[in-house]
Amino acid sequence: MRLAAPRPLRPAVLLAAALALSLSHAAAQAEGRIRLAQQFGIGYLILDVVRDQKLIEKHGKSAGLDIDVEWTQISGATAMNEALLAGNLDIVSAGVPPALVLWDRTIDRQKVKLVAALGSQPNYLLSNNPAVKTLDDLSPKDRIAVPAAGVGFQSRTLQIEAARRYGKAQFKKFDDITVSLPHPDATAALISGGLEVNTHFSSAPFYYQALEANPSVHKLISSYDILGGPATFNALYTTQKFHDDNPKTYRALYAALGEAAQWIREHKPEAADTFIRVQKSKLAPELVRKIVEDPENDFTIVPQRTAVYATQLHELGVLKTRAGSWKDYFFEEIHDQPGS
């Protein structure tokens with residue numbers, strides 16, 4: 001008996017098969033690519049070292065994986081978060097409060113969590129107004145400059161302090177006199193004087209510059225004072241999907257961050273040079289080395305006092321979710337560290 005010749009497949013079937021093969025191939029190729037974004041400033045030194053020494057690629061090769069690493073620099077947590085949720089970036093960086101807000105907002109969807117800290121560095125609230133010695137002296141005539149009024153690291157930190165001083169109902173007390181202004185512009189205003197902005201919640205290197213350039217500029221309080229000691233300034237975070245779909249790539253990233261932090265501790269002058277080279281900084285090398293060697297600045301991936309933000313912002317109603325511990329909003333790879 002002769003077998004009947006097989007009928008040719010319909011175009012729709014062929015298209016479906018091709019699509020399935022394509023999707024299968026794409027899934028197989030999911031590992032080995034990572035798109036990261038960092039912001040500007042010395043608070044991102046760990047990432048500068050990772051990038052300069054190609055540490056993600058190094059740890060990928062150790063795991064038998066070639067990793068294509070794409071770097072982007074973006075200013076502001078809002079742009080970071082939008083790019084992450086749109087799928088245009090895999091790993092983003094921002095201050096702890098914006099990262100926690102995204103964790104809280106996506107807990108039933110993209111499930112964003114933090115990867116690692118990028119270091120503990122204080123922010124200083126500075127003023128050039130001689131009549132202002134403490135926060136209590138600020139009046140409606142004063143203007144506080146921050147990068148993202150009301151929602152960024154600096155504003156959230158001020159809200160925590162306002163609630164402590166004046167009660168929870170007054171946690172936005174300083175929002176009315178806070179304006180959004182990039183750190184470089186706010187620093188220039190503080191140094192020059194005579195402008196509407198006379199107060200600035202400043203990060204490194206800007207508060208170093210302002211304090212050195214104008215003897216009228218003085219510190220009112222630091223974020224360390226508000227949070228009870230050294231505390232994480234910024235962090236990396238990503239979605240549950242990227243974490244789960246790319247285990248080798250994720251582990252290479254995590255290992256790279258740890259190696260970079262250790263290298264900075266052991267090579268501080270070289271780390272300062274790396275920052276200048278990678279970020280094409282025009283800062284004086286002496287100033288950069290001073291910042292890197294300042295004992296207040298700890299370039300560690302271990303989270304410190306992030307739970308203060310999680311607890312306080314929940315009590316103020318900024319976060320809907322109550323975290324039981326810092327491990328609730330960090331991926332498990334870092335859970336063996338003495339975080340907080």
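A contact is a pair of residues with heavy atoms within 4.5 Å of each other. By that criterion, residues 24 or more positions apart account for 78% of the contacts in the protein with a separation of 6 or more. The structure is a predicted model, in which local features need pLDDT of at least 70 and side-chain atom pairs count only at pLDDT 80 or more, whereas totals for chains, interfaces and linings use all residues. Residues are numbered from 1 along each chain as its sequence is written, and side-chain values use heavy atoms, with hydrogens and water left out.

**Overall architecture**

- The protein has 14 helices and 10 strands; these are DSSP runs numbered from the N terminus, with helices (H or I) of at least four residues and strands (E) of at least two.
- The C-alpha trace spans about 105 × 45 × 35 Å along its principal axes.
- Of the 340 residues in the protein, 52% are buried. Buried stands for under 20% relative accessible area, exposed for over 50%, and partly exposed for values in between, with a 1.4 Å probe and protein chains only.

**Helix packing**

- Helix 2 (residues 45-52) packs against helix 12 (residues 268-278) at an angle of about 80°, and their axes are 9 Å apart. Such axes are lines fitted to C-alpha atoms, for helices over the stretch in contact, and the angles run from 0 to 180 degrees between N-to-C directions.
- Helix 2 is therefore roughly perpendicular to helix 12; this term covers 65 to 115 degrees, while angles under 35 count as roughly parallel, over 145 as roughly antiparallel and the rest as oblique.
- Helix 2 contributes Leu45, Asp48, Val49, Arg51 and Asp52 to this contact, and helix 12 contributes Ala271, Thr274, Phe275, Arg277 and Val278.
- In helix 8 (residues 206-213), the residues Phe206, Tyr207, Tyr208 and Ala210 are buried. The buried residues of helix 8 pack against strand 5 (124-127), helix 7 (183-192), strand 8 (199-202) and helix 13 (285-293).

**Aromatic rings and charges**

- A search of the whole structure finds 9 aromatic pairs. Rings of Phe, Tyr and Trp (its six-membered ring) pair if their centres lie within 6.5 Å; planes under 30 degrees apart are stacked, over 60 edge-to-face and the rest tilted.
- The pair of Phe153 and Tyr309 is tilted, because the ring centres are 5.8 Å apart and the planes stand at 55°. This pair links distant parts of the chain, with Phe153 in helix 6 (residues 153-166) and Tyr309 in helix 14 (residues 306-315), 156 residues apart. Both Phe153 and Tyr309 are buried.
- Tyr250 and Phe331 form an edge-to-face pair, with 5.8 Å from centre to centre and 75° between the planes. Tyr250 belongs to helix 11 (residues 247-266) and Phe331 to the segment after helix 14, 81 residues apart. Both Tyr250 and Phe331 are buried.
- One aromatic cluster is formed by Trp103, Trp326, Tyr329 and Phe330.
- Lys173 lies over the face of Tyr166, at 4.9 Å from the ring centre, and Lys219 lies over the face of Tyr124, at 4.4 Å from the ring centre. A charge sits over a ring if NZ of Lys or CZ of Arg is within 6 Å of the ring centre and within 35 degrees of the ring normal.

**Residues in loops**

- Asn198 is located in the loop between helix 7 and strand 8, and counts as buried because its relative accessibility is 11%. Leaving aside residues up to four places away in sequence, Asn198 touches Leu126, Ser127, Asn128, Asn129, Asp142, Arg143 and Leu190.
- Thr134, in the loop between strand 5 and strand 6 (144-146), is partly exposed at 31% relative accessibility. The C-alpha atoms of Thr134 and Ile221 are separated by 7.4 Å, although these residues are 87 apart along the chain.

**Backbone geometry**

- Most residues other than glycine have a negative phi, and most peptide bonds are trans.
- The peptide bond from Ala204 to Pro205 is cis, with omega near 5°; Pro205 is in the loop between strand 8 and helix 8.
- Lys54 has a positive phi, near 50°. Lys54 lies in the loop between helix 2 and helix 3 (55-62) and is exposed, with a relative accessible area of 51%.
- Lys111 has a positive phi, near 55°. Lys111 lies in the loop between helix 5 (96-105) and strand 4 (113-117) and is partly exposed at 37% relative accessibility.
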